[in-house]
Amino acid sequence: MDILNNIVTSINNLLTGSVLLVALVGAGIWFSFKLGWIQIKGFGEGMKKTFGGLFKKSGEAGEDGMSSFQALATAIAAQVGTGNIAGAATAIAIGGPGAIFWMWISAFLGMATIFAEATMAQKFKQIGEDGVVTGGPVYYIRAAFKGTFGKVLAAIFAVLLIFALGFMGNAVQANSIAASWNTAFGVPKIVMGVVLAIASLFVFTGGMKRIAKVTETIVPIMAAFYIVGSLIVIFANITQLPIALHDIVIGAFNPSAVAGGAMGATIKMALTKGVARGLFSNEAGMGSTPHAHAVAKVNHPVEQGFVAMIGVFIDTFVILNLTALVIIMTGSRLSGKSGAELSQYAFSTLYGKGGEIFIAICMLFFAFSTIIGWYFFGEMNIRYLFGAKAVKIYAVLVCACVILGSLQEVDLVWNMADCFNSLMVVPNIIALFALTNVVKSTKKDYYDNFLPKQK
């Protein structure tokens, strides 16, 4: 078992340390240029599409899809997970404050990539025999590559995603909730696991309609709760804000110039950890969130591309940034802690024992919403591979993984989840590059033909 774990760890280090960074950052740069820096040009349109009708009744999702906001909420449910609490902390602990600057860069570039993903997911979505709308990378992979190669590549992606997110990934999320609630409230891990599994199964069995309703309700609440809790800590240490921003920018290029810099931190380390944590948090280019954006009810594929960009913005520039500022401004990065423990310590500097409770509640919101989102993404691929009849079996298996994951952390399972998650990027990015001209022409059609008619 240890030998297998070491092999998986070595593959992970190779993928996350070089291959994926080059692929994901390269895709971000490629689509930024090819789409005329759409993340800047289309930002206002994205905000308008996302929040313009926020206080209007969006209508309930039927089996034929979700509203645009519900699709975004489902995507954010998956994006905003435990990584937003632990990811930024790990990057800062290892790469210093400068890692946050490189997180910003990766998110900025990732907004162009996710625009391409969501637009293609919309363009090539399908309606199943049971009338349920499905979509995601498997369909635009098949569109990019005809024949056997496309079928094989799509199948590989589907299998990797089901294991990475649906099974192993959800076990990881359940473990985070169980561990934090055991620490804060003394709740036995098995009790938390069973409660999570029952709640999850209730949501899963309600189909797309219930998933959409839960995510559009829970995501704004969890975001507001974390934002308010973080801002209170930030304002309590407001005199440290200029110093924090200085450390973030200067530390990106000269880590040793930052007071109390991380031991051994280098520009390469800050860049690598920052870019990796940013990309894996907002999931741009990874092929996961397009499943949610594919089923949105919009009048043109590009509209959901704009909305998807705002999802990355919220995940990284809002939620992840708040975690980073709390850690840096409270001086907690010098505590010697890392991961979720570092975030917990940072909040406890103001809230005391309440810091543990705050993080436990946030973990519940963040991780449970991620379980729902990742289940949904897996379901799309189960439907693609095995048809609608296999969905119920898949739901039960996911709940079993939630219970098992809550009991204890198994390094091999955690590392394999990361490995499969990384590997599924490859077929997704290959297809996106192959569809570059289709993405460009779809965007051009929006600006030349669709948008003028709306004015």
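This is a predicted model: local features need pLDDT of at least 70, side-chain atom pairs count only at pLDDT 80 or more; totals for chains, interfaces and linings use all residues.
Serine 68 has its place in helix α4, a helix made up of residues 68-79.

When neighbours within four places in sequence are left aside, serine 68 is in contact with Ala296, Lys297, Val298, Gln304 and Val307. Of these partners, Gln304 and Val307 carry numbers that lie within the range of helix α14, residues 301-329.

## Packing of helices α14 and α20

Helix α14 (residues 301-329) packs with helix α20 (residues 436-454) at an angle of about 110°, and the two axes are 9 Å apart. Because of this angle, α14 is roughly perpendicular to α20; the class of roughly perpendicular covers 65 to 115 degrees. The crossing of the two helices is left-handed.

On the side of α14, the contact is made by Pro301, Val302, Glu303 and Phe306. Helix α20 contributes Thr442, Lys443, Tyr446, Tyr447 and Phe450. By residue class, the contact of α14 with α20 divides into six nonpolar residues, one polar residue and two charged residues.

## Isoleucine 359 in helix α16

Helix α16 spans residues 353-386 and includes isoleucine 359. With a relative accessibility of 2%, isoleucine 359 counts as buried. Apart from neighbours within four places in sequence, the residues in contact with isoleucine 359 are Ile85, Ser343, Gln344 and Phe347.

A separation can also be given for isoleucine 359 and isoleucine 127: these residues are 232 residues apart in sequence, and their C-alpha atoms are 40 Å apart in space.

## Cysteines and disulfides

A disulfide is a covalent bond between the sulfur atoms of two cysteines. The structure holds zero disulfides. Cysteine 399 is in no disulfide, and the nearest cysteine sulfur, which belongs to cysteine 401, is 9.2 Å away. A pair of sulfur atoms has to lie within 2.5 Å to count as a disulfide. Cysteine 399 counts as buried, because its relative accessibility is 7%.

Cysteine 419 is likewise in no disulfide. For cysteine 419, the nearest cysteine sulfur is again that of cysteine 401, at 17 Å. The relative accessibility of cysteine 419 is 5%, so this residue counts as buried.

Methods:
Residues are numbered from 1 along each chain as its sequence is written. Side-chain values use heavy atoms; hydrogens and water are left out. Helices (H or I, at least four residues) and strands (E, at least two) are DSSP runs, numbered from the N terminus. Buried means under 20% relative accessible area, exposed over 50%, partly exposed in between (1.4 Å probe, protein chains only). Contact means heavy atoms within 4.5 Å. Axes are lines fitted to C-alpha atoms, for helices over the stretch in contact, and angles run from 0 to 180 degrees between N-to-C directions. Angles under 35 degrees count as roughly parallel, over 145 as roughly antiparallel, 65 to 115 as roughly perpendicular and the rest as oblique. A crossing is left-handed if the near helix is turned anticlockwise from the far one by less than a right angle, and right-handed if clockwise. Ala, Val, Leu, Ile, Met, Phe, Trp, Tyr, Cys and Pro count as nonpolar, Asp, Glu, Lys and Arg as charged, and the others, Gly among them, as polar.
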